[in-house]
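Good morning, everyone. I have a short walk through one structure today. Please put it up on the screen.

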Amino acid sequence: MKNVLLSLSGGLDSCSALHIYKNSIAMAVSFHYGANHNDQEIRMAKLNCERLGIDHKVINLKDVFEGMNSALLGKGSIPEGHYEDASMKSTVVPFRNGIMLSVLTGIAEDLNFKAVMIASHSGDNEVYPDCRPEFNAGMRAAMAMGTYNQIDLLTPFADIGKPELAKLGIEAGMVPEQTYSCYVGGEVQCGECSTCRERDWALGLRDAP
Ligand SMILES: [Zn+2]
């Protein structure tokens with residue numbers, strides 16, 4: 001039965017999740033939060049859903065984040081280099097995942113779905129407080145307590161890394177060229193921002209991220 005709502009950015013991880021769990025996913029939601037790369041990502045999210053015949057909804061959160069200090073929102077340049085670098089903090093969008101999960105929980109409750117799924121994996125980095133396992137555990141409890149349907153938060157990839165997730169995704173039919181990850185947001189992915197590096201590393205195209 002299809003009763004899961006997936007948070008689908010259009011990147012490698014969530015497009016992998018979409019393919020791996022295509023038989024359980026009733027709908028996928030993408031958020032536009034005003035970032036440089038959202039248009040490209042959402043284009044891919046839409047393409048993947050069309051291909052699999054899964055309902056897709058785009059939600060505009062631009063007003064929520066407008067004016068906030070984040071390199072992803074156009075305040076300052078996107079740092080090149082590794083995710084762990086201190087400069088990566090400039091790419092934090094305040095409580096982004098918390099806000100998105102709250103919206104997703106409301107939709108799941110309204111449509112009588114059973115769960116919300118996110119494609120977090122073990123490599124999701126410590127720079128973002130709302131990507132950490134402790135945060136997901138707290139959010140899972142709040143979601144169940146705050147809904148009649150006791151909406152669950154599914155993080156099926158929490159214990160595997162990005163390369164393993166990409167491999168499972170490809171086996172399930174995900175096409176890397178039909179995903180978009182770059183923080184810079186150009187027509188062609190830049191290859192040097194942290195997200196591009198992680199992506200290429202996960203796909204075996206470079207030795208280290
Ligand atoms: Zn890039």
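I will go through the sheet, the helices on it, the cores and then the metal site.

Before that, a caution: this is a predicted model.

Start with the sheet. Five strands make up an open sheet, and their order across it is S3-S2-S1-S4-S5. The pairing is parallel. Which strands sit at the edges? They are S3, residues 55-60, and S5, residues 152-154, and each of these pairs on one side only. On average, neighbouring strands here are turned by 25 degrees against each other, direction ignored.

Strand S4, residues 115-117, is joined to S5 by three bridges, and the two run parallel. Within that pair, Val116 stands opposite Leu153 of S5.

Now the helices. Helix H2, residues 38-52, lies across S2 and S3, and its direction is at about 165 degrees to S2. Helix H5, residues 133-145, lies across S4 and S5, at about 150 degrees to S5.

Next, the cores. The largest nonpolar core holds 39 residues. Leu5, Val29, Tyr33, Leu101 and Val116 have the most contacts inside it. S2, H4 and H5 each supply at least two residues of this core. Which element gives the largest share? That is H4, with five residues.

Take Leu101 from that list. Leaving aside neighbours within four places in sequence, Leu101 is in contact with Val116, Ile118, Phe135, Met139 and Leu153.

Last, the metal site. What holds the zinc ion on the protein side? The donors are the SG atoms of Cys182, Cys190, Cys193 and Cys196, at 2.3 to 2.4 Å from the ion. Along the chain, these donors follow the spacing C-x7-C-x2-C-x2-C. Cys182 is in the loop between helix H6 (162-171) and helix H7 (194-202), while Cys196 is in H7 itself, 14 residues apart from Cys182.

Why is the arrangement called tetrahedral? Because the four donor atoms subtend angles of 105 to 116 degrees around the zinc ion. For reference, the ideal angle for four tetrahedral donors is 109.5 degrees.

Are these cysteines buried or exposed? Cys182 has a relative accessible area of 0% and is therefore buried. Cys196, at 2%, is buried too.

That is all from me.

Key:
Residues are numbered from 1 along each chain as its sequence is written. This is a predicted model: local features need pLDDT of at least 70, side-chain atom pairs count only at pLDDT 80 or more; totals for chains, interfaces and linings use all residues. Side-chain values use heavy atoms; hydrogens and water are left out. Donors are N, O and S atoms within 2.8 Å of the metal (3.2 Å for Na, K and Ca); water is not among the atoms, so sites may look incomplete. Four donors count as tetrahedral if all angles lie between 85 and 135 degrees; four count as square planar and six as octahedral if opposite donors are over 155 degrees apart and all others between 65 and 115; anything else is irregular. Helices (H or I, at least four residues) and strands (E, at least two) are DSSP runs, numbered from the N terminus. Buried means under 20% relative accessible area, exposed over 50%, partly exposed in between (1.4 Å probe, protein chains only). Two strands pair if DSSP finds at least two bridges between them. Axes are lines fitted to C-alpha atoms, for helices over the stretch in contact, and angles run from 0 to 180 degrees between N-to-C directions. Contact means heavy atoms within 4.5 Å. A nonpolar core is a set of buried Ala, Val, Leu, Ile, Met, Phe, Trp, Tyr and Cys residues joined through side-chain atoms within 4.5 Å.
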